[in-house]
Amino acid sequence: PWTNNPALVDKFIEEIKQLPSIEYIHLLGGETLILKSFYIICEALIESGLSKNTTLGTTTSLTAYHEKLENIVKNFSSFHIGLSIESVNPLNDYIRYPSKIKEVKENLKKFIALREKIPSLHLALRITPNIFSIFYLDEVIQYMCDNNITAESCDILTNPKCLRIELLPDDLRKITIEKLKKVISKNSLTGQTIITTRDNSLIREVIGAVAHSYVAFLEGMEYPKDGDQNRRDLIEFISAFESLRNNSILDYAPEYDSFLKEYGYRRQEEI
């Protein structure tokens with residue numbers, strides 16, 4: 001990758017400096033916060049004075065946190081960090097293997113504490129629910145409300161097809177809708193359309209918009225014509241990963257037991 005080449009990193013920095021005006025830069029790709037070049041670029045922008053009028057954004061899988069961030073964040077006009085997560089329970093470990101939810105939550109707390117020190121920092125939980133994580137989305141919404149972190153939906157997952165929410169069996173779909181409506185009611189979340197999603201004064205409204213959008217999707221979704229084949233593909237898909245990882249989705253999402261076994265799922269020790 002070019003970010004491991006000092007000459008290319010220097011070239012990138014010099015080209016940024018030559019721009020007549022720049023208001024927003026977003027750096028992503030892999031786990032940005034473990035790249036040495038990320039900090040080199042940020043520090044160069046601060047040293048040049050460009051950071052004073054620039055918003056910088058990046059995304060993290062919450063597997064890393066560096067103390068250098070405090071000095072960097074406070075020197076930019078504002079700073080946006082997308083916190084990629086699929087669940088606030090151990091299911092996140094299965095989907096984002098080999099992450100550990102305990103470490104993920106500890107890092108989440110560090111980012112929240114950093115925002116307390118630097119109000120110009122904007123945090124957003126980036127979610128892309130799939131057939132498994134959608135069932136526990138209410139827990140993510142509640143976490144957002146409890147910690148005043150906005151939601152940033154990465155839209156409805158379409159690939160791979162076997163992980164689409166539309167493949168959810170009807171009984172689990174109804175429970176998911178019920179749980180989402182319960183968390184919406186508990187937190188008095190409205191479903192109004194929000195244009196400016198990265199405004200710290202509109203966090204509650206953005207959370208509500210995202211929560212309501214998933215309820216609407218679940219209530220209106222249609223079972224795909226190739227749904228049965230997709231469900232069989234799902235078993236093959238997760239079984240392939242589990243054969244390498246020696247784990248089972250049922251240890252993370254036991255509610256899916258009868259559904260998955262209906263389509264031929266077996267734990268590795270049963271194969």
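A: Accessible areas come from the Shrake-Rupley method with a 1.4 Å probe; for residues, only the protein chains shown count as cover. In this predicted model, local features need pLDDT of at least 70 and side-chain atom pairs 80 or more, while totals for chains, interfaces and linings use all residues. Residues are numbered from 1 along each chain as its sequence is written, and side-chain values use heavy atoms, without hydrogens or water.

Q: What is the accessible surface of the protein chain, and what share belongs to carbon and sulfur atoms?

A: The accessible surface is about 13700 Å². Carbon and sulfur atoms hold 50% of that.

Q: How many helices and strands does the chain have?

A: Helices (H or I, at least four residues) and strands (E, at least two) are DSSP runs, numbered from the N terminus. Here there are ten helices and five strands.

Q: Which residues of H1 are buried, and which are exposed?

A: Buried means under 20% relative accessible area, exposed over 50%, partly exposed in between (1.4 Å probe, protein chains only). In H1 (residues 6-18), Val9, Ile13 and Ile16 are buried. Seen down the helix axis, the buried residues fall within an arc of 60 degrees (directions from the axis to the C-beta atoms), so they line one face of H1. On the other side, Ala7 and Gln18 are exposed.

Q: What do the buried residues of H1 pack against?

A: Contact means heavy atoms within 4.5 Å. The buried residues of H1 pack against strand E1 (24-27) and helix H2 (36-48).

Technical notes. Expected span 1.5 Å × (residues − 1).
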